[in-house]
Amino acid sequence: MTATLFSDAMVWDGTSALRFPADVLVEGQRIRAIAKPGELSVDGALMVACGGRTLMPGMVEGHAHLSFGGAVKDSDLGNIPPEEHVLLTMRNAKTLLDHGFTSAYSAASAKLRLDVVIRNAVNAGEIPGPRIRAAGPEITVTGGLGDERKQHMYYESFGMIADGKEEIARAVRLCCREGVDNIKVNISGDDLGPLAHGGLTVMEEEEVAMAVKVAKSFGRRVNCHARSAESVKRAVRCGVDVIYHCESADEEAIDMLESVKDRIFVGPAIGIIYATLHEGEQWGFTHEMAVGFGMQRVIDTTAAVYTQLRKRGVRALIGGDYGFAQTPQGDNARDLKYFVDLMGYSPSEALQCATRFGGQVMGMSSELGQVKEGFIADLLLVDGDPLQDVSIMVPKENLLVIMKDGVMHKNIADRAQAAQHSIAAE
Ligand SMILES: [Zn+2]
């Protein structure tokens with residue numbers, strides 16, 4: 001069995017606001033022991049001298065779109081041929097792992113089998129990538145977010161269109177048959193889409209209920225796109241597991257989310273909103289246009305709603321619709337700073353959304369997302385203290401070690417130590 005001994009680390013274990021000095025022993029896939037510095041020694045172990053740097057759990061992207069890349073408009077996603085799309089998704093998987101995301105909970109895939117085939121290839125050790133819970137395409141009603149078809153010509157979309165209980169049931173079963181772990185339904189519209197705006201609740205209650213019922217029969221999770229207050233309530237009533245956006249939740253909707261907080265997760269997906277408003281110029285989104293799309297309003301309401309949800313203990317996930325032109329894959333950890341700056345999370349709370357809650361949404365709460373004896377060894381060695389500044393999690397140069405499942409994906413700790421020593425010697 002391979003063994004790795006991390007010595008002289010400052011461990012942030014994913015549960016508190018503090019780091020503590022420790023050595024951590026990894027054997028095989030798991031964390032075997034955590035002890036005071038100098039107490040552990042193992043013959044034949046790979047030694048990683050941490051030099052007082054931060055050893056923490058690998059991050060979990062909680063709103064992953066592995067098959068999204070560079071799209072300016074939603075319809076761009078439907079224009080990518082399947083062959084190129086597989087390669088794009090494969091590259092994105094590696095990009096996420098290179099940036100410290102050892103797991104990806106997929107919000108939706110742009111074609112039915114893209115997440116599935118990449119998940120399987122990663123699991124088989126054929127390509128590098130995070131641990132993936134694969135999603136199917138966004139199941140949407142005619143005229144909803146993801147229906148990009150045109151009346152006068154055949155046109156591919158990134159959504160899977162289904163109307164009425166029977167078609168919804170068939171779409172969900174098809175996704176299950178093809179191997180997805182997460183079903184996605186678009187209950188509300190969206191302000192960046194050309195059709196139904198975010199205030200409209202376009203998927204009927206009986207359709208949502210049917211999607212959840214069929215998904216549960218197959219043992220799958222259900223994610224939803226829910227911007228309007230009514231769509232959030234509909235999602236809670238129907239038993240949806242992960243409710244994304246929620247920025248227009250009213251008091252009743254917030255109460256309902258709190259009442260099921262041990263069962264559900266929420267995710268603001270704020271990255272795309274912020275980037276469209278402040279950094280979208282080069283992609284054709286002038287500031288005036290972005291304000292016109294309601295982006296400032298979404299930021300303000302998201303800040304207010306998630307401040308409430310945080311105080312009430314509703315678990316939020318990071319992940320901000322990375323994979324569009326203005327939100328390139330790899331920037332995903334930028335969400336941490338939005339949680340801190342806009343929604344009042346402490347750095348430790350934001351990092352827990354990216355680690356411990358991530359392990360929970362992956363369905364692996366007792367073995368993933370913490371530095372804890374017996375847990376899976378998904379570990380990052382970070383050059384700096386993210387509890388002081390969460391933005392250091394974004395540049396991949398700050399990640400000296402990336403370990404997934406006890407296997408090194410990246411290890412430049414020696415180089416960093418050598419550089420530190422040569423500076424000290426000068
Ligand atoms: Zn999304």
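**Close-up 1. Packing of helix 6 against helix 7.** Helix 6 (residues 229-238) and helix 7 (residues 251-259) cross at roughly 25°, and their axes come within 9 Å. Helices (H or I, at least four residues) and strands (E, at least two) are DSSP runs numbered from the N terminus. Axes are lines fitted to C-alpha atoms, for helices over the stretch in contact, and angles run from 0 to 180 degrees between N-to-C directions. Helix 6 and helix 7 are therefore roughly parallel to each other; angles under 35 degrees count as roughly parallel, over 145 as roughly antiparallel, 65 to 115 as roughly perpendicular and the rest as oblique. The crossing of these two helices is left-handed, a term for a near helix turned anticlockwise from the far one by less than a right angle, with right-handed used if clockwise. A229, V232, K233, V236 and R237 of helix 6 make the contact with E252, A253, M256 and L257 of helix 7 (contact: heavy atoms within 4.5 Å). The model is predicted: local features need pLDDT of at least 70, side-chain atom pairs count only at pLDDT 80 or more, and totals for chains, interfaces and linings use all residues. Residues are numbered from 1 along each chain as its sequence is written, and side-chain values use heavy atoms, with hydrogens and water left out.

**Close-up 2. Packing of helix 11 against helix 12.** The axes of helix 11 and helix 12 (residues 347-354) lie 9 Å apart, at an angle of about 140°. Helix 11 and helix 12 are therefore oblique to each other, and helix 11 passes helix 12 in a right-handed crossing. From helix 11, L336, F339 and V340 meet P347, A350, L351, C353 and A354 of helix 12.

**Close-up 3. The zinc site.** H63 (NE2), H65 (NE2) and D321 (OD) are the protein donors of the zinc ion, at 2.0 to 2.1 Å from it. Donors are N, O and S atoms within 2.8 Å of the metal (3.2 Å for Na, K and Ca); water is not among the atoms, so sites may look incomplete. The spacing of the donor residues in sequence is H-x1-H-x255-D. H65 lies in the loop between strand 6 (59-64) and helix 1 (75-78), and D321 in the loop between helix 10 (295-311) and helix 11 (334-343), so the pair ties together parts that are 256 residues apart in sequence. H65 counts as buried because its relative accessibility is 2%, and D321 counts as buried at 11%. Buried means under 20% relative accessible area, exposed over 50%, partly exposed in between (1.4 Å probe, protein chains only).

Close-up 4. Six strands are arranged in the order 10-9-11-12-13-14, with parallel pairing. Two strands pair if DSSP finds at least two bridges between them. Strand 10 (159-161) and strand 14 (265-267) are the edge strands, each pairing on one side only. On average, neighbouring strands of this sheet are turned by 25° against each other, direction ignored. Four bridges join strand 12 (residues 221-226) to strand 13 (residues 242-245) in the parallel sense, and A226 has H245 in strand 13 as its bridge partner.

**Close-up 5. Strand 15 and its partners.** Strand 5 (residues 54-57) pairs with strand 15 in the antiparallel sense over four bridges; here L380 is the bridge partner of M56. Strand 16 (residues 399-404) also runs antiparallel to strand 15, joined by four bridges, with L399 as the bridge partner of V382.
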